[in-house]
Amino acid sequence: MVLLARIGRVFSVALIALAMSASALAQSVGVPPPTAAAQPVEAVAQSIGFTRDVIPVLTKAGCNAGACHGSFQGRGGLRLSLLGFDPAADYNALVREAHGRRVFPAAPEQSLILRKAVMTVPHGGNKRFAADSTSYRILREWMARGMPGPQAADPHVARLEVTSLERPLQLGEQMQLQVRVVWSDGSAQDATPWVLYESNSDRVAQVSSAGLITVRGAGRAAVTVRHLGQVAAVPVTVPYAALADFPALPRQNFIDDLAIEEWKKLGLLPAGLATDSEFARRVHLDLSGTLPQVDELRSFLDSSDPDKRSKLIDKLLDRPEFVDFWALKWADLLRAHRRSLGDKGLRSFTSWLRQALRDNWPADKIVRALVTAKGNLYNEGPVAFYFVDRTPEDLAETTAQVFLGLRMQCAKCHHHPFDVFSQDDYYGLAAFFARVQRKDTKESGAFGGAQSIRIGATGTVTHPGTGQVITPRTLGSVAEVPDANDPRVTLANWITSRDNPYFARNIVNRYWGYLFGRGLVDPIDDLRPTNPPSHPALLDALTRDFVQHNFDLKHLLRTMCNSRTYQLASEVAPERDADGMFFTHRRPRRLPAEILLDAINQTAGVDEAFENSPKGTRAIALSDPSAASYFLDIFGRPRRTSTCECERRSQPDLIQVLHLSNSEKMHAKLADPAGRVARLLAANQNDTQIIDELYMAALSRLPTAEERTNVARLITAAPSRKEGLEDLLWALINSAEFVFLH
Amino acid sequence: MLNVTMDQTRLCDGISRRNLLRVGSLSLLGLNLPQLLARRAQAGAAAKDVNCILLWMGGGASNIDTFDMKPDAPSEIRGEFQPIASNLPGLSVCEHLPLTAQQMDKICLIRSVSHTESGDHTAAHHYMLSGYAQRPDPTGQPANSVIYPSYGSVVGRELGWRNGLPPYVVLTGEAAPYTGAGYMGSEYNPLTIKADANDPKFSVEDVSIPQSVGLDRLQRRRSMLAAVDGWQRQADKGAGVLGDRNQFYRQALELITSPAAKRAFQLDEEPAALRDRYGRHRFGQSCLLARRLVEAGVRFVSVETNWWDTHQNNFRDLKGTRLPNLDQFYSALLEDLAQRGLLDNTLVVWMGEFGRTPWINGSAGRDHWAPSNAICLSGAGVKMGTVVGQTDRKCERPLGLTHSTHDFAATIYRLLGIDCTKEYPTPDGRPVLLNYHGKPIAEALA
């Protein structure tokens, strides 16, 4: 409250409201009452501004929310801009539309907006505030004072300043946030009662509409604050336990130092180091999408080399399967598909991509090639980028989401409700692509005609609201002067600049998410300020390291895999850190569709036959994502229609279980006359040898003594040895330990 | 080739005989009277527990040639078929639907639903199966847009399993576009059964135990899995990351070994006369199977036909087998459900993605036409024996009363007892409404 007294400005009624409500709150949470005296409304009415005072009232009351009048269609005939991003339109809607019957300056109490809001006339949105509320008084005074409208010269919100919560909070503790809004003219004001609050985890911290945080559980939450197009987030940390003597934990690189720092803050202890078996299985699947073969696994397990883990990581980074697997990931991300590229275009793109990954092109080189691609698709793979998306708007959305981790879609139609981006940012990014011209003969397939990209002399993008031509501008900056020959070069320079706040961070976070099953920012492609990272210092350090190593993707993977944090044991039912947000253990996750199918085939010792691919083609190496496969479809192979990583589904369902456990197809794999069981039987090995080999093939480990006995007993009880062994293989493939990466 | 006059005579005769048969001997239909009464009581007690059978006319059945005939329109519009009177005074239907004509008292015929997607089958499917518009995309995979769940998936999510049977089953065909759960996730996708229910060796892939395995071996495998799956035992102790995996294994085993499910699929339990009545083709037998599945506990069964895209030879093909087949299974289903008291808590929906053009093209066909359509509702909560809305003289557009696909969706949700004002997050976190402010069609509700 001292803060309020310091702000040297005649305050609007908003401040009075703050003083009143904050004092009420202050009493309940033990904060000293404010020193600023409440001034009578009439005395300050001159200062009521439409944008500064009226819109916050509408926003706080929910009038301009998406579910109400902020909907694109409006509600009940009144349409407001979403969360008040367009004050001029809102002024028009309130004052001029409907023949001006919504406002009544001569008798503000009789105005429709107030009567609706207090429900003295029927209102589909129910009562929004009381007649003796500050909200009511602001609207009344605004009308009484002649309804001043927004002016072009009005200051805008420069930033929000929120109480920082460095100190960990305790269970049950309450904490009142204070939010100060700083305007572009340098003035500032307390906006605590007027901003919108939201917690991203009610399990950890709840926040009231007045900004009062109540701690509910251990962990970390972010409370976001939104006001007039600006956003901020406050992390709330609640320790699991107070560990007085935090042990000195082993570390392998800087990742571990920063992870340990967080564990200390949270009172968490990590799991132990994964066994060699678990590590080998994990790192094979994570880096090459492939289960270890039994013989290579045996030699890894038998080796006593202290550096054997690092050496295995290096070996896997150079495998052909590494290229298959990461090409699949990038092709998913870039949505390479025959429906947009044709067979020939898809082949051209895939072979370029595979070459780039084989040669370990740095991320900036890959992205620059895509963004500035031109020429014939059939000779120039990266040109595919411009055939997957074809409009400047779609290209802007993909560029933002895939390369920068920013979801700009919202800003197409209105100011982004959870970020700082406006329609100007959206169309400014689209404008870089306005001069892209494509020659597309419409014939696709192997004999398709020319498909090429060139940069035309002209081409513009217009703002759908104002109809004005928008010049290219990079996010958050004022217009840049683009390269006269090809504006995309300017864009590529900005994206891949070492100082770009999003580019390296986005890739680091995605790759972390691929390896750890969860991003430091989660979801992994949503880097907005209202979705802060779980480990800010770690994300910063990894980003710095990645930039210092010139965006070297293998270096990034190697650094992560060599950390002890990556090599921790998995836990199926952890007591703490259940959602794996703090990486205290490895959180198992289901194998992706392609990897799972390959793993089943490798374990059963059979080959898959895909249409139009040579027998034995592995699912991770399929370049055509529409190659018919019931298995891949039901296990959630992405259709490559969305830039969202969420398109790849991994939740289990009944159809999958039915297929895996009860289909003729799966049964045929187990019983294949050339399959693993048949080969082992023919090799005259004893039950124990065969059981061991099946365990190694499927689970990358030997059975425990107990497992060996139980399984052997069941095999003996089966009508035939063959049946018993097939049933063991069936059980291994259907076990959670097989289906999950851990 | 069917002879129209003979056909009518034969079928009219057939109906009266069958009615006699039914009244005289319920047990022939697999039920004795106490069972029937018990079922009815059950249905009454669970008035909200409404089932649905969706008869999907994929390709877009011609409305003007079925339930919205325009005998006074010029011949290039009205086409070849003649109207016949139905058992609803004042309503006539196509001469090739004589059996259905006698069921119109159990149907609420809606002619007021209109949408704009005439160009693309898949986008139109999305309109009619979810209420929402979708970008046209012949592959059914539009880029960067939200795919909404179909009615059956919503039922599955909102109401869940019953009697160890999955809530949503799709019969026949390849599963039409957008019959799945869209943004809700594959967990709510239908169990799709592709096998031909009319095949004497009909068995359901992945659901029936493979012949080379058998029940005994399946049980041995379960024991083996228990011996191997230490992970699952660990996870069962607490809420872990394996999610509902174990639940799905339980459900799968339940389904595979369920006598109820097994029995539901055993169509040969039905008397031959009834099987004949439904029609000895995959669609007729699928309708019968739909009824058995609903009786066993499945909440939403979709029976898909896909032969209505009559751009060429509309009249030849419709009167050849398509309308006669439809007439058979549709009338049989309504009759059978009513007879068993199942119509009280089973909603039957007959519809496709759009209607067809009133004008006839150069190939004696009719093309896609979304602005006018005919939809039939029956059963639970429906005001049966009514016609809602009318189209203009040429059957081009609704006159007066017009409903959007959202209104239609709201109607279906209302009838199924689902609150459609709910909001769900898409996988990328955007909140979307189950239904976009549609208003149930009051005229269709009892």
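Two residues count as being in contact here if their C-beta atoms, placed from the backbone, lie within 7 Å. Keep that in mind for the views below, which come from a predicted model.

**View 1. Helix α19 of chain A and its packing partners.** The buried residues of α19(A) pack against α14 (363–371), α16, α18 (487–495), α20 (536–548) and α21 (553–562) of chain A. With 11 of its 14 residues buried, α19(A) is largely enclosed by the rest of the structure. Look for A:Phe503, A:Tyr511, A:Trp512 and A:Phe516 among the buried residues, along with the likes of A:Arg505 and A:Arg510.

**View 2. Helix α19 of chain A, end to end.** Residues 503–516 make up this helix, and at 1.5 Å a residue its 14 residues should span 20 Å. The end C-alpha atoms sit 20 Å apart, which agrees. Just past the helix, A:Gly517 takes a positive phi of about 85 degrees.

**View 3. Where chain A meets chain B.** Chain A brings 43 residues to this contact and chain B brings 46.

**View 4. Domain 1 against domain 4 in chain A.** The domain assignment puts domain 1 at 2–144 and domain 4 at 327–495. Five residues of domain 1 touch four residues of domain 4. The domain 1 side of this contact has four nonpolar residues, one polar and no charged ones.

Note on methods. Residues are numbered from 1 along each chain as its sequence is written. Chains are lettered from A and ligands numbered from 1 in the order in which they are written. This is a predicted model: local features need pLDDT of at least 70, side-chain atom pairs count only at pLDDT 80 or more; totals for chains, interfaces and linings use all residues. Helices (H or I, at least four residues) and strands (E, at least two) are DSSP runs, numbered from the N terminus. The expected span of a helix is 1.5 Å times one less than its number of residues. A residue is buried if 20 or more other C-beta atoms lie within 10 Å of its own, exposed if 12 or fewer, and partly exposed in between; C-beta atoms are placed from the backbone. Domain bounds come from an automatic or database domain assignment. Ala, Val, Leu, Ile, Met, Phe, Trp, Tyr, Cys and Pro count as nonpolar, Asp, Glu, Lys and Arg as charged, and the others, Gly among them, as polar.
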